[in-house]
Amino acid sequence: MKAAFAFLVAGLALLAPAAALAHHSFAAEYDTKKPVTLKGTVTNVEWTNPHARFYLDVKDDSGTVTHWNLELASPNVLVRQGWSRHTLKVGDQVTVEGAQAKDGSQMANARTVTLSDGKKVFAFSPSDAPAQ
Amino acid sequence: MKSKLVGLQLAAIAAVFAVGAAAQAPTTAPAKSSTLNPSEATAPAGGGANPDVVRRRPREVAPQGPTPRLPDGHPDLSGVWNGGGPVGDLAQGLAPGETIPLLPAAKAIMDKRQSKDDPEANCLPTGIPRIAPYPWRIVQTPTHIFFLFEGNIHSFRQIIMNGKHPDDPDPTWYGNSIGTWDGDTLVVDTIGFNDKFWFDFRGHPHTEQLHTIERYTRKDLGKLENKVTIIDPGDYSKPFTLTFTATLRPKEELMEYICQENQQDAQHMQGNSGLPQNP
């Protein structure tokens with residue numbers, strides 16, 4: 001299984017440069033120098049254009065909950081990759097790695113989303129690719 | 001009344017598409033099975049019961065084969081395509097060593113533009129020759145050719161074959177397009193543009209004097225070349241020509257994409273559009 005996973009990662013790394021672009025400049029909205037890792041509970045999923053989005057409640061060590069807005073690719077791109085509107089559900093516990101919005105708001109582009117069982121979903125969202 | 005008109009418009013396009021598809025089907029060269037990159041062909045796919053397997057559809061590459069033709073002998077350009085125009089930077093289509101002949105006043109406009117104001121980011125049309133990074137379909141009939149866009153706000157372009165431009169067209173996002181055949185190349189001559197759309201993420205501008213001449217040549221089954229000449233004495237010191245290539249997506253169908261549904265990007269975008277971060 002481990003070998004298969006390593007193979008998978010290598011295969012997907014080859015695919016990454018082929019990721020499509022979003023309808024806007026990625027670099028103007030997100031700062032790859034502001035990477036964030038967020039662990040929390042999914043409170044809403046919007047399977048909408050131009051981007052699918054989900055919202056996350058993240059509790060810090062003091063118990064304070066912050067609400068994050070996470071951007072994915074468009075539903076069309078995600079469906080073509082094999083994902084669906086059922087992939088992520090309200091109540092799922094997830095860990096998100098992404099780039100925060102340049103304006104500092106609690107909004108990020110979700111590069112990877114990992115479910116509590118370790119399964120990664122929505123890999124290689126197209127707007128993960130820097131604008132070209 | 002408005003919704004009725006839109007409904008009629010869509011019905012007309014659907015009818016044209018159905019007729020066009022029926023007419024073209026018998027003579028379209030059969031596509032060889034799309035091939036996969038070796039690395040992708042063996043990549044796990046399907047997911048299903050195995051939680052460690054990331055589900056991903058294998059990426060298609062352009063199919064090989066001769067240029068398909070219609071009964072009248074003209075190349076058949078119909079199909080679902082990807083690419084074929086600039087996205088990030090108009091200069092991507094220049095030949096090596098060439099530069100964009102931007103006039104000083106146009107450069108000043110570009111220098112002031114902010115990414116948040118890009119019409120495309122605000123779910124307005126790309127205009128010409130910009131393309132959205134989503135599939136689009138050519139529907140070809142003897143009298144009209146339509147470009148149906150999945151992205152680019154789910155809009156369409158209409159090219160009237162062997163027509164005539166109006167004397168004083170209203171300025172619009174896609175202008176007034178007349179098509180003619182030059183041998184195996186479809187030539188699309190367009191005037192009557194508004195000055196609202198940007199050519200790319202960087203904000204290359206244009207004026208209402210813009211005149212584009214696109215030359216579409218289906219080089220083979222899987223590749224459609226677009227050689228487009230930009231003529232705009234308002235913003236550019238001389239005409240210049242860019243070359244882009246669209247790739248056939250033989251198994252693709254267009255999907256709905258209503259950009260205005262949940263647009264939250266533009267209000268979070270920052271900075272000048274022309275910065276090198278958008279090369």
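1. The loop between β1 (30-46) and β2 (53-59) of chain A is where P50(A) sits. The peptide bond from N49(A) to P50(A) is cis, with omega about 0°. Keep in mind that this is a predicted model: local features need pLDDT of at least 70, side-chain atom pairs count only at pLDDT 80 or more, and totals for chains, interfaces and linings use all residues. Numbering starts from 1 along each chain as its sequence is written, while chains are lettered from A and ligands numbered from 1 in the order in which they are written.

2. On the overall make-up of chain A: there are 3 helices and 6 strands, where helices (H or I, at least four residues) and strands (E, at least two) are DSSP runs numbered from the N terminus. Read from that end, the order is α-α-β-β-β-α-β-β-β. Of the 132 residues, 43% are buried; that term means 20 or more other C-beta atoms within 10 Å of the residue's own, against 12 or fewer for exposed and partly exposed in between, with C-beta atoms placed from the backbone. For contacts (C-beta atoms, placed from the backbone, within 7 Å), residues 24 or more positions apart make up 55% of those in chain A with a separation of 6 or more.

3. Now the strand pairing around β5 (residues 107-115) of chain A; two strands count as paired if DSSP finds at least two bridges between them. Strand β3 (residues 65-71) of chain A runs parallel to β5(A) over 3 bridges, and L70(A) faces A108(A) there. Strand β4 (residues 93-101) of chain A is antiparallel to β5(A), with 7 bridges, and E97(A) is set against T112(A). Strand β6 (residues 120-121) of chain A is also joined to β5(A), antiparallel, by 2 bridges, with V113(A) and V121(A) as bridge partners.

4. Two hairpins are worth a look for their glycines. Between β4(A) and β5(A) there are 5 residues, and G104(A) has a positive phi near 85°. Between β5(A) and β6(A) there are 4 residues, and here G118(A) has a positive phi near 95°.

5. Over in chain B, 9 strands close into a barrel, in the order β1-β2-β3-β4-β5-β6-β7-β8-β9, with mixed pairing. Neighbouring strands of this sheet are turned by 30° against each other on average, direction ignored; the axes are lines fitted to C-alpha atoms, for helices over the stretch in contact, and angles run from 0 to 180 degrees between N-to-C directions. As one pair, β6 (residues 185-191) and β7 (residues 211-218) of chain B are antiparallel over 6 bridges, and V188(B) has E214(B) as its bridge partner.

6. I128(B) and P129(B) are joined by a cis peptide bond, omega about 5°, and P129(B) is in the loop between α3 (104-112) and β2 (136-140). C123(B) is found in the loop between α3 and β2 as well; its phi is positive, about 65°, although it is not a glycine. C123(B) counts as buried because it has 21 C-beta neighbours inside 10 Å. N152(B), in the loop between β3 (144-149) and β4 (156-161) of chain B, is another residue other than glycine with a positive phi, near 50°. With 27 C-beta neighbours inside 10 Å, N152(B) is buried too.

7. Finally, confidence. Chain B averages a pLDDT (the predictor's per-residue confidence, from 0 to 100) of 82, and 77% of its residues score at least 70. Residues 1-58 of chain B stay under 50, and the model has 78 contacts beyond four places in sequence for them. For the complex, the predictor gives an ipTM of 0.76 and a pTM of 0.79.

Methods. Two residues are in contact if their C-beta atoms, placed from the backbone, lie within 7 Å.
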